[in-house]
Amino acid sequence: MQIKLVTRMIGASLAWAALITKFNLVVTSADHATVAAAVIHYFGFFTHLTNILVALAFTASILRPNNSFRRFFERPAVRGAIALYILVVAVVYEVLLAHQSNHQGVAALTSGLLHIVIPALYLLDWVLFARKKPMRYTDIPYWLIYPFLYAILSIAKGMVLGTYPYSFLDAGELGFAALGINILGFVVLFAGGAAFFILLGRLLPHTIQQNLTEADGR
């Protein structure tokens, strides 16, 4: 129990520190004409929004057990969905975006935390400590709401403001046919990922504590 608490306190601390640092870097940079534009830019990234979900999930876990905020974020389907989202953050970054990064100093450290360290911590926490049952395949459409809404709102915002958070959502550069293929591909990715996490949740012990308890009882 103490290991779980310490892990989640470290996860919450690192996540909030990285998010706040990155927010400060974005707002104080000379890349945006106004603070409002900088804020819109910051919250336009799937990485930042998903790391906020991770930070909330870690934070909720160290609150009092009867707290409704904690109960929501400890639902197996909620924690499983967040695990999928943050895994996608890490994989997409490594596959599509890492080679484009030219961050240095604090920016590079923050990027490493948001794309590698915090995803790894959360996924480890999910495997070892999170309740995984019940999760149902009928939950998959609900798991798709967040990424689908993100894609649609990002495209709409990009069409109005002329800037897109990711090149694979750039309607101006890609055209709607290629953009539609990209969105379909990500729907398949998230749906397949959701099915994988639900299956994995059924195969893994309910929590690591359950596994240890069963071993002690043998």
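Q: At what angle do helix H5 and helix H7 pack?
A: This is a predicted model, where local features need pLDDT of at least 70, side-chain atom pairs count only at pLDDT 80 or more, and totals for chains, interfaces and linings use all residues. Residues are numbered from 1 along each chain as its sequence is written, and side-chain values use heavy atoms, leaving out hydrogens and water. Helices here are DSSP runs (H or I, at least four residues), numbered from the N terminus, and axes are lines fitted to C-alpha atoms over the stretch in contact, with angles running from 0 to 180 degrees between N-to-C directions. For H5 (residues 76-97) and H7 (residues 140-161), the axes sit 10 Å apart and the angle is about 45°.

Q: How many salt bridges does a search of the whole structure find?
A: A salt bridge means a side-chain nitrogen of Lys or Arg within 4 Å of a carboxyl oxygen of Asp or Glu. One of them joins Arg8 and Glu74 (3.7 Å, N to O). The whole-structure search turns up four.

Q: Is Asp125 buried or exposed?
A: Buried is under 20% relative accessible area, exposed is over 50%, and partly exposed is in between (1.4 Å probe, protein chains only). Asp125 has a relative accessible area of 0%, so it's buried.

Q: Which helix holds the Arg8 that pairs with Asp125?
A: Asp125 forms a salt bridge with Arg8, with the closest N and O atoms 2.8 Å apart. Asp125 lies in helix H6, and the pair ties together parts 117 residues apart in sequence, because Arg8 lies in helix H1.

Definitions and conventions:
Helices (H or I, at least four residues) and strands (E, at least two) are DSSP runs, numbered from the N terminus.
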